[in-house]
Amino acid sequence: MKFECSAQELLHGLINATRALSSRPAMPILEGVLMHAEDDEVELLCSDGSLSIKSRVPASVSQMGDVVLPGKLLTEIVRKLPEGTVSFSMNDKMVVTIRCQQSRSTITGASPDEFPQMKDLINTHALHFPQKKLRDMIGKVTFAIALQESRQALTGCLMEITADELRLVGLDGFRLAMQRTHDNYVLPQGEEKVKAIVPGHVMNEIAHIMQDDEEAMATFHIDRTHMMVVMGSTTLVTSLLAGEYINYRQILPTSWLTRVTVKRRELQDAIERASLMAKEGKNNLIRMKASQNNLRITSMSELGDVLEELDAHLEGEDIEIAFNARYISDVIRNVDEECCTLCMNTNVSPCVISPMDGDSYLYLVLPVRVY
C-alpha cells in the first residue's frame, strides 16, 4: 500500500470514522481503523460491532492495499502533523511509514481479514433530509433519552416519517421531547409510515458528522434491523433497537385548564437562578405559581431561598406546581422562540411546553407531587 493525501482531509476523515470506536471493544481488532487504498481515494472504516462509520478521503494511490492500524494512535499522530501532504507506505511485514515534511513515524499494522464488513443498504428505499435542519432537531431531542433503562427501546430516539412529516421523539419516564418538520417525503411503495428506534448515542454521532450547510443533504436507508446514513463522504451504518416504543401519544394531554405564556429567556434565567438554591436542598425542587399576569418561581434549602417574579399571560385557572429543577431547566434551554407556553391541568399531571403558534416542537415534563 502506498498513497499520498492532504493531512487536513485525512484528519477530518479519521475524526468522523473513529466516532464508531468503543471504549471497551469486544475484540482487539475493533480498536483499529481499516484503511483501504484504491483508485483515487482511501477508505477509513471503524466499527464497534453494531455501529460502523466509513469516511472517504481523496488520495493519489500508487499501490493499492489494506491494513488495520490503531485508530486512536493514528488519529493523534495525524493531528500533530504539519499542514500539507502526508504519505503512507507499507512493507511486506505490514509496517506502515508515515511521512510529512520533516516528520516520520512508523506503526505496525494488522491483517484486515478479521475486521467486520460494513452492511450495505444502498439498494433499499432512500429518504432525503437537510443535514442542518435534522442536526438541530436531533440536538433538541436526545437530552430526554434514557441513559440506562430496563426497557431498551427508551435508550433510543424514535424516528417517524410519514408522507408529509418527520418526527423525532425521546423520553426517559420523567420528560418527553418531540421535534417535527413538515415536508414531502416519498415512502416505500405500500408504506404509510417508516419507523426506526435509533440508539441515542448514535443519533448524537450523526449530529456531530452533519454539516452546518443549508444545501447539504443526508440520505437515509432503513430496513427492519439496520439504518444507513450517507452524509457527503461519510457513511454510517447502525443496528436499530428492537422492541416497541412507548405509545407516547397516549401520554400527551388533549386539553388543558391553565395556559401560561411567558418570555422564554426570562423564564430560563429565573429557573437557572432558582436552581442554584434548589441544588442545595434535599429534593432539587422549584415551585411555580401562576396567577393573572404573574408567574412566581421559588426554591428553598436549609441555606436560604429564592423568589423570582415574571410577567406572564394566564388563560384559565390559577395553579401551583413543582418540578425537578434539572428536568424543567433542560427543557426550557432547548426552546428557541422568544415566547413559549406552559399548558397544565393539575399540579400532578404533565406540563406541556410548546410554541405559541404551530407544532414545530413539544416538550412534556412530569411535576413532582408535594405534600
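Q: Asp, Glu, Lys and Arg count as charged, Ala, Val, Leu, Ile, Met, Phe, Trp, Tyr, Cys and Pro as nonpolar, and the others, Gly among them, as polar. What does the lining of the second largest pocket have by class?
A: In this predicted model, that lining has eight nonpolar, seven polar and three charged residues.

Q: What is the volume of the second largest pocket, and which residues are closest to its centre?
A: Its volume is about 410 Å³. Of its 18 lining residues, I145, A146, L147, Q148 and T155 are the closest to the centre. Helix α4 (200-209) gives the most to this lining, with three residues. Both α4 and α6 supply at least two.

Q: Why is α6 called largely enclosed?
A: Buried means under 20% relative accessible area. Seven of the nine residues in α6 (residues 325-333) are buried, so the rest of the structure largely encloses this helix. The seven are A325, Y327, I328, S329, D330, V331 and I332. They pack against β13 (175-182), α5 (264-278), β19 (285-291), β23 (319-324), β25 (351-355) and β26 (361-365).

Q: How do you know whether R259 is buried or exposed?
A: Its relative accessible area is 18%. The limit for buried is under 20%, so R259 is buried. R259 lies in strand β18 (residues 258-263). Its contacts include H313, E315, C343 and M356.

Conventions. Residues numbered from 1 in each chain as written. Predicted model: local features only at pLDDT ≥ 70, side-chain atom pairs only at ≥ 80, totals over all residues. Heavy atoms only, no water. Buried < 20%, exposed > 50% of the residue type's maximum accessible area, 1.4 Å probe, protein only. Helix = DSSP H or I, 4+ residues; strand = E, 2+ residues; numbered from the N terminus. Contact = heavy atoms within 4.5 Å. 1 Å grid on protein atoms, 1.4 Å probe; cavity = no way out; pocket = protein on both sides within 12 Å on 5 of 7 lines; lining within 4 Å. Points joined across faces, edges and corners; volume = space filled by probe spheres on them. Lists of a residue's contacts leave out its neighbours within four places in sequence.
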